[in-house]
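Hi everyone, thanks for making time today.

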Amino acid sequence: MKGSLMSNTANSPHNVIIIGSGPAGLTAAIYAARANLAPLVFEGEPSSSSDQPGGQLMLTTDVENYPGFPEGVMGPDLMMKFREQAARFNTTFITEKVTKVDFSKRPFTVWVRDTQYSAQTIIVSTGAQSIMLGLESETRLIGHGLSTCATCDGFFFRGQEIVVVGGGDSALEEATFLTKFASKVTLVHRRDSLRASKIMQDRARSNPKIEFKWNSKVTELLGTDKLNGVGIVDTVTGERSQLNVTGLFIAIGHRPNTDLFKGVLEMEDTGYLKTRPGSSYTNVPGVFACGDVQDHTYRQAITAAGSGCIAAIDCERWLESQH
Ligand code: NAP
């Protein structure tokens, strides 16, 4: 459904608007809907790499640590189930990205371009997005050999040699997954020790298709229309080298999607929203935050879902306290 509530909204504010549709936003929707709050969810833009409906799990492969799925589940399938569950209980979805907010007075207002919606409460669950290396050529080559999503693009690299950048769980998870397709995966990491959990490390280290290139940074992407290699510099010796690969996956972490809330909600220097400890309360009464947008520590689907539940309960109790 696209932007059809304008006139209705102008007259009667929604109980709650949820901005974002990852595990946090959709869990908040399930709880808010079952509390008869008839939530309105802005789920993001399908064409966006940072605000896609379903959030980051749409870009992941097997999720083996989400309780209830002993055999594991694919990220997109899991998010589809979340959405179906929220839809079952009177949740309205708008497949758009919120472009502006005004939380200075109640009811709060959010805009999708020129269309305005209002609500008594807001739950912010806009998540986080992939960090890039910052090379000029990234923009040119994304989708042409350069990717941040192994699930989406791994298939295209069948029988090819590729590089994965990073030393955390994401990088090792992507590298391991990509060996299903690639003939060889070189993991390029800027230090000589990994940040990833031991189980991920063990899995990657024992995979014969994965080679580690330590103390190394990707400084150059080669190729005009299509990636055909990467330039590497050794961070210890300064020596430069080249890897003739046709694929590069960047997996170096994430940034919270909080541009919309600058000057509106209190945030950390890193851009993560501040919430009152043990709750989802932001500095604006009636505005709550949950999921990766306010969690730089755990950042798991299950913790995001848990915080979405907290936000919906906080929101429901806050609304009750106002009457
Ligand atoms: P992360 O833990 O922050 O790791 C980022 C990695 O990228 C680090 O190794 C970092 O190097 C490197 N890096 C950062 N900026 C770089 C740059 N400009 N150039 C080169 N390398 C750079 O991020 P993540 O791997 O995305 O994981 C985020 C969170 O999600 C973690 O808590 C992780 O445990 C969790 N996670 C869990 C799973 C799972 O359990 N299935 C899967 C994925 C992620 P340094 O080490 O030198 O800082």
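Let's begin with Tyr66. Keep in mind that this is a predicted model. Is Tyr66 buried or exposed? Its relative accessibility is 13%, and buried means under 20%, so Tyr66 counts as buried. Now look at Phe82: with a relative accessibility of 8%, Phe82 is buried too.

Why pick those two? Let me turn to aromatic rings. A pair of such rings is described by how far apart the centres are and by the angle between the planes. In this model the count is twelve aromatic pairs. Tyr66 and Phe82 form an edge-to-face pair, because their ring centres are 5.8 Å apart and their planes meet at 65°, with over 60 degrees counting as edge-to-face. This pair joins distant parts of the chain, 16 residues apart. Tyr66 is in the loop between strand E3 (62-63) and strand E4 (73-74), while Phe82 belongs to helix H3 (residues 75-88).

Here is another pair for you to find: Phe288 and Trp318. Their ring centres lie 6.5 Å apart with the planes at 75°, so this pair is edge-to-face. Phe288 has 0% relative accessibility, so it counts as buried. Trp318, at 8%, counts as buried as well.

Rings can also join up in a group. Which residues do ring pairs link into a cluster? They are Phe155, Phe156, Phe177 and Phe181.

Arg34 lies over the face of Phe89, 5.3 Å from the ring centre. Arg205 places its charged end over the ring of Phe212, at 5.7 Å from the centre.

Let's go back to Phe288 for a moment, as it leads us to Ser280. Which residues does Ser280 touch, leaving out those up to four places away in sequence? The contacts are Thr275, Val287, Phe288, Ala289, Ile310, Ala311 and Asp314. Ser280 itself is in the loop between strand E18 (254-256) and strand E19 (287-289). Its relative accessibility is 2%, so Ser280 counts as buried.

Now zoom out. The protein is divided into domain 1 (14-130 + 254-322) and domain 2 (137-250). How far apart do the C-alpha centres of domain 1 and domain 2 lie? The distance is 31 Å.

Next, the ligand. There are 18 residues around it, and Gly167, Asp169, Ser170, Arg191 and Arg195 come nearest. Ser170 has a polar side-chain atom 2.6 Å from a ligand oxygen atom. For Arg191, a polar side-chain atom is 2.7 Å from an oxygen atom of the ligand. Glu173 has a polar side-chain atom 3.1 Å from a nitrogen atom of the ligand.

One last stop: Gln201, in helix H7 (residues 198-205). Its relative accessible area is 15%, so Gln201 is buried. Setting aside residues up to four places away in sequence, Gln201 touches Leu172, Leu194 and Ala196.

That's my tour, and I'm happy to take questions!

Note on methods
Residues are numbered from 1 along each chain as its sequence is written. This is a predicted model: local features need pLDDT of at least 70, side-chain atom pairs count only at pLDDT 80 or more; totals for chains, interfaces and linings use all residues. Side-chain values use heavy atoms; hydrogens and water are left out. Helices (H or I, at least four residues) and strands (E, at least two) are DSSP runs, numbered from the N terminus. Buried means under 20% relative accessible area, exposed over 50%, partly exposed in between (1.4 Å probe, protein chains only). Contact means heavy atoms within 4.5 Å. Domain bounds come from an automatic or database domain assignment. Rings of Phe, Tyr and Trp (its six-membered ring) pair if their centres lie within 6.5 Å; planes under 30 degrees apart count as stacked, over 60 as edge-to-face and the rest as tilted. A charge sits over a ring if NZ of Lys or CZ of Arg is within 6 Å of the ring centre and within 35 degrees of the ring normal. A residue is near a molecule or strand if one of its heavy atoms lies within 4 Å of it. A polar contact is a pair of N or O atoms within 3.5 Å; within protein, one must be able to donate a hydrogen and the other to accept it, and residues adjacent in sequence count only if both atoms are side-chain atoms.
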